[in-house]
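Here's a quick briefing on a single protein model.

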Amino acid sequence: MSATPPDQPRLAAGFEASAFVRRAEVEGGFGTVLHRGDAERGTLLLAIAERGQHVACLARSLGSNGYEWIRVGPPPADSAILSSFLEKRRRNDPDEWQIELDIPSAERFIAETSAAG
């Protein structure tokens, strides 16, 4: 996956969260913030669904080549498993933003997001 160099400035987490919600809506889907983290430096987690069915979770991580989106969490699963996973992450990182996106062509969205770093 492509990565953003760590020395490049990063947008505020709250701004990025809003942008993901707007992008989902522009593409004919739905987006909502499940949990608000630190507005400036919070991490981001995207819970991606297509037609109400969980597809994947993506988290931005700082790797050796910069920021990149990686798949985390349960494979496509029922809502109870996903809810449990998200709750555990909130307990471990209260600064994390959790954004749910229900979008058409979820796999394309994941590939594009991953390629963008």
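Glu16 sits in helix H1; helices here are DSSP runs of H or I with at least four residues, strands are E runs of at least two, and both are numbered from the N terminus. Keep in mind that this is a predicted model: local features need pLDDT of at least 70, side-chain atom pairs count only at pLDDT 80 or more, and totals for chains, interfaces and linings use all residues. Residues are numbered from 1 along each chain as its sequence is written, and side-chain values use heavy atoms, with hydrogens and water left out.

- Glu16 counts as buried because its relative accessibility is 14% (buried is under 20% relative accessible area, exposed is over 50%, partly exposed is in between, with a 1.4 Å probe and protein chains only).
- Setting aside neighbours within four places in sequence, Glu16 touches Arg10, Leu11, Leu44 and Arg60 (a contact means heavy atoms within 4.5 Å).
- The buried residues of H1 are Ala13, Gly14, Glu16, Ala17, Phe20, Val21 and Ala24.
- They cover an arc of only 165 degrees around the axis, so they lie on the same side of H1 (the arc is taken from the directions from the helix axis to the C-beta atoms).
- H1 covers residues 13–26, and its 14 residues should span 20 Å at 1.5 Å a residue, which agrees with end C-alpha atoms 20 Å apart (the expected span is 1.5 Å times one less than the number of residues).
- Just after H1, Gly28 has a positive phi of about 90 degrees.

**The sheet**

- Five strands make an open sheet with mixed pairing, in the order E1-E5-E2-E3-E4 (two strands pair if DSSP finds at least two bridges between them).
- The edges are E1 (30–35) and E4 (66–72), each pairing on one side only.
- Neighbouring strands of this sheet are turned by 25 degrees against each other on average, direction ignored (axes are lines fitted to C-alpha atoms, for helices over the stretch in contact, and angles run from 0 to 180 degrees between N-to-C directions).
- E1 pairs with E5 (residues 97–102) in the antiparallel sense, over five bridges.
- Val33 has Ile99 in E5 as its bridge partner.

**Helices on the sheet**

- H1 lies across E1, E2 (44–50), E3 (53–63), E4 and E5, and runs at about 5 degrees to E5.
- H2 (residues 79–92) also packs on the sheet, touching E1, E2, E3, E4 and E5, with its direction at about 25 degrees to that of E3.

- Most residues other than glycine have a negative phi.
- Arg51 is not a glycine, yet it has a positive phi of about 55 degrees.
- Arg51 belongs to the loop between E2 and E3, and counts as exposed because its relative accessibility is 77%.
- Ser105, another residue other than glycine, has a positive phi near 55 degrees.
- Ser105 is in the loop between E5 and H3 (106–116), and its 36% relative accessibility is why it counts as partly exposed.

**Whole-chain numbers**

- The protein has three helices and five strands, running α-β-β-β-β-α-β-α from the N terminus on.
- Of its 117 residues, 38% count as buried.
- Among contacts with a separation of 6 or more, 73% come from residues 24 or more positions apart.
- The protein exposes about 6,500 Å², and carbon and sulfur atoms supply 52% of it (areas come from the Shrake-Rupley method with a 1.4 Å probe, and for residues only the protein chains shown count as cover).
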